Amino acid sequence: LNASSDRTFKATKSALKAMRLEITKETIKEDVIQVMGNYTDGRTIWIDIRPLTEISSQIELRVGAKGDKEAAKKILNKIKRYL
C-alpha cells in the first residue's frame, strides 16, 4: 500500500470500527503491527502491517483458520477507502 504503517494502522482501525468488527488485540513492534479481531460470525481476523519504506507498507489479512478470501477482500477494500 502507498501509505506508512502508522497511517495504514489507523485506517485499519477505522475500517474495522465502521464494519462493526471487534478488535481484540493490538501489538505494535518495530517491524510489524498486528491487529486481531472477530468477524461477524465469530471467526478470528488476523492483520499484519509491515513497513516497507517510510511511505509504503505491506498488509497481510486473514479471516478464519482456513482463510475466507471474500471476507478478507471486503475488509481490505474498506481499509483502502480510509487511506
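## Helix H2

Helix H2 spans residues 69–81 and lies across E3 and E4. Against E4, helix H2 runs at about 145 degrees. This is a predicted model.

## The sheet

Four strands form an open sheet. Their order is E1-E2-E3-E4, and the pairing is antiparallel. Strand E1 (22–28) and strand E4 (56–63) are the edge strands. Each of these pairs on one side only. On average, neighbouring strands are turned by 15 degrees against each other, direction ignored.

Strands of a sheet pair through backbone hydrogen bonds. Here, strand E2 (residues 33–38) and strand E3 (residues 44–53) run antiparallel and are joined by six bridges. Val-35 has its bridge partner in E3: Ile-47.

## Helix H1

Helix H1 covers residues 5–18 and packs on the sheet. Helix H1 touches E1, E2, E3 and E4. Its direction makes about 160 degrees with that of E3.

## The nonpolar core

In soluble globular proteins, nonpolar side chains tend to be buried together. The largest nonpolar core in this model has 17 residues. Leu-16, Tyr-39, Ile-45, Ile-47, Val-63 and Ile-75 touch the most other members. At least two residues of this core come from each of H1, E2, E3, E4 and H2.

## A look at Ile-47

Ile-47 pairs with Val-35 and also belongs to the core. Leaving out residues up to four places away in sequence, Ile-47 touches Thr-12, Leu-16, Ile-33, Gln-34, Val-35, Ile-59, Glu-60, Leu-61 and Ile-75.

Notes. Residues numbered from 1 in each chain as written. Predicted model: local features only at pLDDT ≥ 70, side-chain atom pairs only at ≥ 80, totals over all residues. Heavy atoms only, no water. Pairing = 2+ DSSP bridges. Axes fitted to C-alpha atoms, helices over the stretch in contact; angles between N-to-C directions. Contact = heavy atoms within 4.5 Å. Core = buried A, V, L, I, M, F, W, Y, C linked by side-chain atoms within 4.5 Å. Buried < 20%, exposed > 50% of the residue type's maximum accessible area, 1.4 Å probe, protein only.
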